[in-house]
Amino acid sequence: MPGFTDNKADTTVELTDGQSFALAGLLNAKTSATNTAIPVLGDLPVLGALFRSVSYQRSESELVILVTPRLVSAMNPDQVPSLPGEKWRYPTEAQLYLKHDLGGPQVEPVHSAADTKSTGPAPQFHGSYGFTAVGTGSVSAGATGH
C-alpha cells in the first residue's frame with residue numbers, strides 16, 4: 001500500500017525476570033534541497049550568485065524498543081479484581097429522559113430494620129460542563145457548575 005512502510009524484525013533472546021534488552025534501528029533518512037532565486041537577477045552569469053540561495057535539510061528517524069519482562073504468578077478466581085465498569089448501574093430509558101439520570105456506580109445494599117431497600121438512591125448529575133454528583137458526597141470527573 002503506498003504511504004505505508006512495513007519493517008519487520010525477528011529475534012530470540014533469553015532473559016531472566018527484570019533484565020532488559022533493546023532493539024533499535026534507523027527507520028528513515030531524508031535529505032532535501034531548496035533553491036531560491038530573485039527572478040531575472042538570479043539568472044545573471046556572475047552577479048546572479050549574489051541573488052540565489054540553496055538550503056539543505058536533513059532528517060533522520062530512529063526507533064528504539066526497550067523490553068523488560070516481568071514474570072507473574074496465576075491468581076485464584078476470588079483474587080481477581082472487578083473490571084472497570086463491571087459494577088455500573090445503567091438507567092432505564094424513563095430515568096434517562098425524564099430524570100436526566102446518566103447512571104453511575106452501583107450503590108452497595110443497605111440492610112437495616114428501618115430501610116428495606118436493596119440499593120440507595122441513584123446519584124443525579126448536572127452542570128453546564130462536566131458533571132457533579134449531587135447528594136452522594138462524591139464528585140465525578142469534570143468541573144462543577146449549576
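## The salt bridge between R89 and D101

R89 and D101 form a salt bridge, their closest N and O atoms lying 3.1 Å apart; the term denotes a side-chain nitrogen of Lys or Arg within 4 Å of a carboxyl oxygen of Asp or Glu. The pair joins distant parts of the chain, 12 residues apart: R89 belongs to strand β3 (residues 88–89), and D101 to the loop between α1 and β4. Helices (H or I, at least four residues) and strands (E, at least two) are DSSP runs, numbered from the N terminus.

This is a predicted model, in which local features need pLDDT of at least 70 and side-chain atom pairs count only at pLDDT 80 or more, while totals for chains, interfaces and linings use all residues. Residues are numbered from 1 along each chain as its sequence is written, and side-chain values use heavy atoms, with hydrogens and water left out.

## Burial of the pair

Are these two residues buried or exposed? R89 counts as buried because its relative accessibility is 18%, and D101 is buried with a relative accessible area of 2%. Buried means under 20% relative accessible area, exposed over 50%, and partly exposed in between (1.4 Å probe, protein chains only).

## The salt bridge between R58 and E60

The count comes to 2 salt bridges. The side chains of R58 and E60 also meet in such a bridge, at 2.6 Å from N to O. R58 counts as exposed, at 63% relative accessibility, whereas E60 is partly exposed at 47%. In general, side chains of opposite charge can pair when their charged atoms come close.
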